[in-house]
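Morning, everyone. Let's go through the aromatic residues and one surface feature. Have the view open, please.

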Amino acid sequence: MIGRHPDPWLRGLLFLAALVLGDGALAQEAVTPAVTITLPAGPADEAEVATGVQILLALTIIALAPSILIVMTSFTRIIIVLSILRHAFAMQQTPPNTVLISLALFLAAFNTMPALERAYDEAYKPYMEKEISTQEALEVGLVPFREFMVRQMREQDLALIVELSGSDKPRSLDDVSTMQLIPSFMLGELKTAFQIGVIIFLPFLLIDIVVASILMSMGMLMVPPMMISLPIKILMFVLIDGWYLVVESLMGSFK
């Protein structure tokens with residue numbers, strides 16, 4: 001056990017905290033408090049510290065998992081295409097958001113599984129076996145995801161992000177930072193998703209136009225075209241096994 005007075009910055013923080021709380025006496029006492037520090041006494045304590053660091057790292061990864069899922073996997077492209085498909089049916093709540101997100105999540109997991117397996121074998125397992133440091137594990141584990149994003153992105157998107165960041169023109173992909181690679185990848189995903197969505201949307205739009213023209217020619221102006229076109233679109237989609245075709249084409253769009 002070691003007792004000493006706190007550093008000046010710690011005394012200042014305690015004093016400001018006391019002022020915020022509005023307790024003048026507490027502010028006076030916060031100037032020179034006694035601080036007790038317990039140092040690790042042996043290998044057991046060091047093991048406990050290492051375990052605490054691992055738990056903290058795991059909690060951090062879990063907290064960042066939604067953001068990582070969106071910006072570094074195929075989830076963005078898949079969910080946008082499925083959302084456009086739902087709007088093509090003109091049904092705002094069918095399929096529900098939970099169904100679309102769950103389907104997009106599992107499809108993204110299947111598509112990203114090789115990168116996940118590489119990151120687990122090359123980074124996580126050696127780190128748990130204490131063969132590499134935390135920094136090395138993060139760098140090695142990021143490589144498979146960088147390669148996945150590089151295969152999907154476009155050169156003009158990367159050039160735009162590099163120009164906006166004010167960085168020097170990279171000589172190779174190794175010179176491209178992850179902060180530049182992620183927005184370049186997302187721009188490419190958005191473009192590809194909307195391209196696929198337009199192709200899916202056009203047949204449904206054609207059905208709406210044909211039904212509306214027929215109703216107008218028959219003088220049935222008071223009949224909503226959606227009342228007729230919606231069952232036709234659903235029937236057509238079921239007959240051609242639409243979900244199979246959409247998922248097959250969507251997953252085949254990844255390089």
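Start with Phe194, which lies in helix H8. Keep in mind that this is a predicted model. Is Phe194 buried, partly exposed or exposed? Its relative accessibility is 48%, so Phe194 counts as partly exposed; the exposed class begins over 50%.

Which helices supply it with at least two residues each? Helix H7, residues 155-165, and H8. H8 gives the most, with three residues.

Stay on H8, but turn to another phenylalanine. Phe204 has 3% relative accessibility, so Phe204 counts as buried. Buried here means under 20%.

Next, the ring pairs. How many aromatic pairs does the structure hold? Five. Take Phe204 with Phe237: the ring centres are 6.1 Å apart and the planes sit at 45°, so this pair is tilted. Phe204 belongs to helix H8, residues 178-217, and Phe237 to helix H9, residues 225-239. The pair therefore ties together parts that are 33 residues apart in sequence. Phe237 is also buried, because its relative accessibility is 6%.

Phe204 and Phe237 form one aromatic cluster with Phe89 and Trp243.

Where does Arg77 lie relative to Phe254? Over the face of the ring, at 4.0 Å from the ring centre.

That's my tour. Over to you.

How values were computed:
Residues are numbered from 1 along each chain as its sequence is written. This is a predicted model: local features need pLDDT of at least 70, side-chain atom pairs count only at pLDDT 80 or more; totals for chains, interfaces and linings use all residues. Side-chain values use heavy atoms; hydrogens and water are left out. Rings of Phe, Tyr and Trp (its six-membered ring) pair if their centres lie within 6.5 Å; planes under 30 degrees apart count as stacked, over 60 as edge-to-face and the rest as tilted. Helices (H or I, at least four residues) and strands (E, at least two) are DSSP runs, numbered from the N terminus. Buried means under 20% relative accessible area, exposed over 50%, partly exposed in between (1.4 Å probe, protein chains only). A charge sits over a ring if NZ of Lys or CZ of Arg is within 6 Å of the ring centre and within 35 degrees of the ring normal.
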